[in-house]
Amino acid sequence: MKMSVIGCGYLGAVHAACMAELGHEVVGIDVDQSKIDALAAGQAPFFEPGLPELLRSATATGRLSFSTDPAAAKGSQVHFVAVGTPQKKGENAADLTYVDAAVDGLIPFLSEGDLVVGKSTVPVGTAARLAAKVKAGAPGADLAWNPEFLREGFAVKDTISPDRLVYGLPGGEGHAHAKALLDEVYAIALGNDTPLVVTDYATAELVKVSANAFLATKISFINAMAEIAEVTGADVTQLADAIGFDSRIGRKFLNAGVGFGGGCLPKDIRAFTARAEELGRGESVAFLKEVDAINLRRRQRVVDLVVESLGGSVFQKKVAVLGLSFKPDSDDVRDSPALDVAVQLNGLGADVIATDPESIRNAQRLHPQLSFTENTADALAGAEAVVILTEWKEFRELDPAWAFGLVENAIVIDGRNCLDMAAWREAGWTYQGLGRP
Ligand code: UGA
């Protein structure tokens, strides 16, 4: 099937490459020339395991191309809208400028029977509004909402083999046609018995935001337990293991630490709160404000622990920060708890030296005032405190005896509870986790 993908960021670039891999003929369109040049040359503009290989193999087949010209969408039957919906500056609501611009830009190139498929995360009600716009500008075309659940770091796998598909379809005549087109897009996944939920626009939009709200709530729940553990001497990691054995609860997303960040969970819970308030149902999701507050408190807690461990002041003390991305296997530093903590420590006068396997360049662009090194040993050399903020494999597997030989003070704050507490203490370290004795 011929398809276009508007927006070639984390979501769109992966979607375009995966659709081509599955046999479709795909054109990825983005306004950013440098991004398009990189993608066309088979290079991923961001770190995502498996994506460079996929881009190279898909472009070599001739089924995947990229363009900055919106007219390149002409001739495709299905047009995915995969642009960003960031948080508005100074407000909780989502900024829909890019979504509206993508749909407006597509309309002149739509033909009879085409389907515009929204993938971006949007406030409920957006799809109905955009569908009216499509109908007004291109009466023969329709719109569907097909939310995306991929995780950074696993984006290729999650797109090729999703754990579920959700179609938010128009009512009336367009319904069967839209479903048939989406079934063709996802023929391989459907053939592999991927669960499919066929529904209306509002439900499809809400599935996405409520899934992310649930995940954020689960993380903040365990982080709230960490706060209680901290004043009672309990160990939140054992608590998580024990409650996680209850299959109704489950152990996943119960890792207490410095909390959630990234381009999705934080802004999605805020946008959901803003939208619910607009709808007169602010009280229904008022708890998400608490979820957000708990999350942000954990960043402060790590900063406080570093200050305490250094006797009340970090001024001119060398602090090694291990990890800058919002999670491992990603170079994304959007709303990253790790980067936030590094910046706060720097603001308190600490001599922060930060390292990360993939995200130094992105962090440096946003916060050039920090010092960076690509070498973990250099970060540790002479450090008066060490803070682990992203659980990259190479940090989880650090040898505590080796690290002991490099630092000035053997103090480690494990902001992700990812180190072997006993082994580090045995090697002579003063170990402090979050919510752990
Ligand atoms: C999230 C959702 O998990 C995806 O399903 C969704 O498609 C995506 O947002 C999106 O809306 O596009 P992602 O942002 O890639 O995916 O990251 P997650 O794996 O959800 O992690 C989010 C944050 O939570 C990270 O900072 C991570 O370190 C933190 N986290 C996760 C915890 O602090 N504890 C946990 O137990 C799990």
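User: Which domains does the domain assignment of the protein give?

Analyst: The assignment gives domain 1 (2–199) and domain 2 (216–433). These bounds come from an automatic or database domain assignment. The model is predicted: local features need pLDDT of at least 70, side-chain atom pairs count only at pLDDT 80 or more, and totals for chains, interfaces and linings use all residues. Residues are numbered from 1 along each chain as its sequence is written, and side-chain values use heavy atoms, with hydrogens and water left out.

User: How many residues of domain 1 are in contact with domain 2?

Analyst: 17 residues of domain 1 are in contact with 16 residues of domain 2. Contact means heavy atoms within 4.5 Å. The centres of the two domains, taken over C-alpha atoms, are separated by 33 Å.

User: Why is Arg-298 called buried?

Analyst: Buried means under 20% relative accessible area, exposed over 50%, partly exposed in between (1.4 Å probe, protein chains only). Arg-298 has 1% relative accessibility, so Arg-298 counts as buried.

User: Where does Arg-298 lie, and what is Arg-298 in contact with?

Analyst: Arg-298 lies in helix α12 (residues 287–309). Helices (H or I, at least four residues) are DSSP runs, numbered from the N terminus. Leaving aside neighbours within four places in sequence, the contacts of Arg-298 include Asn-223, Glu-227, Glu-230 and Leu-434.

User: Which residues come nearest to the ligand?

Analyst: There are 21 residues around the ligand. Leu-150, Glu-152, Lys-208, Asn-212 and Phe-326 come nearest. A residue is near a molecule if one of its heavy atoms lies within 4 Å of it.

User: Which domains and helices supply the shell around the ligand?

Analyst: The shell draws at least three residues from each of domain 1 and domain 2. Helices α9 (201–232) and α11 (265–278) each supply at least two residues. The most come from α9, with 4 residues.
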